[in-house]
Amino acid sequence: MSITYLEAIREAQARLLREDDRVFIYGQDVGGVFGGAFKATKGLAKEFPSRVLNTPISEDAIVGTAIGAALQGMRPIVEMQFADFSSIALNQILNQAGTHYWRTNIPVPITVRLPSGGTKGSGPFHSQSMESIYAHYPGLIVMTPATVEDAYTMLIDAVAIDDPVIYCEHKYLYYHLKADKLPDKGLPTGRGRIARQGRDLTIVTYSALVHDALAAADELSRENFEIEVVDLRTVKPLDTDTVLASVSRTGRLLAVGESFPWGGATAEVIARVTSDGFHLLDAAPVRINAKDTPIPYHPNLWSAHRPSTKLIAQKARALLKE
Amino acid sequence: MLQTAQRGKKSPSKKAAPKPEVHEKFLEAFRWMLLSRTLEEKLVSLYRGGHITGGVYIGKGQEAVSVACGLFLQKGDIFAPLIRDQAGRSAFGEPLVDVARTYLGSRQGPMRGRDGNIHRGKPGEGQLAMISHLGAMVSVVVGSLMAKRFRSEENFVGLSCIGEGGMQTGSFHEGMNIAAVEQVPLVIVATNNHYAYSTPNDREFACSDLVERAVGYGFEGYSIDGTDLDMCLEVIGSAVQRARAGRPPQLVVASVLRLSGHGEHDDASYVTEEIKRQPFAQDCVKLAEKNIVHLQLVDAATLQSWKDDAKKQVDEAIAIAQQEAAPEGDKEDWRAISTSELLDQRE
């Protein structure tokens, strides 16, 4: 049997609905026989008709409603149809959910699922990676699972966490990534994972680019370089200890992320390593992000816009010569 | 079906004699209005004396509408008051000392110096803590009511306050629509105080009466004269009752004039003399008191004792908060999440 990243997300939600009657799923097209734009909730409304609910196209009100329900003891899962549209709900997520515990001492246990990242032909408004925006604001946990196993266990963990969780699931991984079976439990939330051990250079990344980084590492191993790949798993909290430990082994850092280049997760990784582990570095750290333009439609432009295996290998090769 | 109440006439002498229990509710409401007005006058004087940081936002002229919002709610209901709802907050059960502690930044207040002035609440007791982004509380009330329905609770209602300014936000529109889609027992009380900060109605919306929007959303709608306490109690009280009984969501639009600036930093010099002469520009507290005297509901000595009592309560609450410790930066627990092991340690 094999299970995809997308099926893992569906299975996690099925288990959550089955085991916890506080859980409900709220979002556009998630209910009925349709089961979501990507089918991440397919069949769930049949089993749980009162807890898998279609909504109007009202991202602000969808999240506001989830917040209200969470304050009254429910554990809502919001599906944004695309991460890009969560910009409409920014106010509720950042200013309502993100401030609530700090202001009132009452946390808001909502999980917001963001189908994130680029796929060919999706263009500027169906391709965005929003993790850096959410990580910037206080009061939120930001998850970026890169594997089928993490997609499953981290979603279950997200719903158990008392604080708001932004769960960034990568659309490119939905069908590409497969596992034999689902684990019952994963690493603790907030802990990074060494996806590949190495000695010459550390690539710190997350989400779909973990796989590009691993492919680049394979390529470089044929040139006798051993690259270590750290999968952050959660962008916030950021597992600085695992990153620093890796850099202490390799002396070189390449941070790779799919969001836009100004600020963000990769900048944060480099800032922390430079600040806390400057003495560990044998060369100036390097970062790769998407280009500082909206995300293009045409596949030729799109594949040049986001970090690729080729670009990662090229930048790593240059850094190894430093 | 859209039902629109008649706008009220001002003369108390033309009213039919209300039943004794109506008088009782009227007097109860009046005392909350009096308390609110007394408290807010005190807050203004503290602000002018430099004792309150940030700002003071009062509900002068809106007390009749506001008190009716709080007065018909009960334990288990959800209330989302807004900027000018001191009377409603008090009637719903907010202790005066919570107000004083929040304005003065006491660590013992519900917001512990982390948020101030009207941005306060006790969500655990059904009083939501508003954020400044207008319209955003509507859907939060909707979700709270859905949770109660999920748990098969009965006989609950939610009430969310808004102004005509906040009614023009996208968030408010989404909230109204989703409330009707979910058919939750919700009452929206919208107070048109004729200015969004300094912007008059003609630059805020272009429909002839905001209550006309009710039918478009699938709400039942009512218009009231917000200076008439009797009408506020009757119409808002019945809207609460109807929502509680399972009727569609209810919209009540009240007409008043904001008898203050947007906040106390604002001299409201943009309010025209013409609008100040409109019937809706009358002071609802004065009108209610006139009514009490006219109908001889209580004698002058009782009325005076109520005023003295309000002053005493306010002074006590302020005195308590003034003696309490302010928060300190180096002793603060700087955590925005409740799950300690998930803190991002770097600052």
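## Where the chains meet

In this predicted model, 35 residues of chain B are in contact with 39 residues of chain A, contact being taken as C-beta atoms, placed from the backbone, within 7 Å. On the side of chain B that touches chain A, α5 (136-150) and α6 each supply at least two residues, and α5(B) gives the largest share, 11 residues. Helices here are DSSP runs of H or I with at least four residues, numbered from the N terminus.

That side of chain B divides into 17 nonpolar, 12 polar and 6 charged residues. Ala, Val, Leu, Ile, Met, Phe, Trp, Tyr, Cys and Pro count as nonpolar, Asp, Glu, Lys and Arg as charged, and the others, Gly among them, as polar.

## A helix pair across the interface

Let's look at one pair of helices. The axes of α3 (residues 59-71) of chain A and α6 (residues 170-182) of chain B come within 8 Å and cross at roughly 65°; the axes are lines fitted to C-alpha atoms over the stretch in contact, with angles from 0 to 180 degrees between N-to-C directions. The crossing is right-handed, the near helix being turned clockwise from the far one by less than a right angle.

From α3(A), Asp60(A), Ala61(A), Gly64(A) and Thr65(A) meet Gly170(B), Ser171(B), Glu174(B), Gly175(B) and Ile178(B) of α6(B). The residues of this contact comprise 2 nonpolar, 5 polar and 2 charged.

## Around Cys232(B)

Not counting residues up to four places away in sequence, Cys232(B) touches Ala64(B), Val65(B), Ala68(B), Ile224(B), Gly226(B) and Ala254(B).

## Reading the model

Residues are numbered from 1 along each chain as its sequence is written, and chains are lettered from A and ligands numbered from 1 in the order written. Local features need pLDDT of at least 70 and side-chain atom pairs count only at pLDDT 80 or more, while totals for chains, interfaces and linings use all residues.

Terms used
Contact = placed C-beta atoms within 7 Å.
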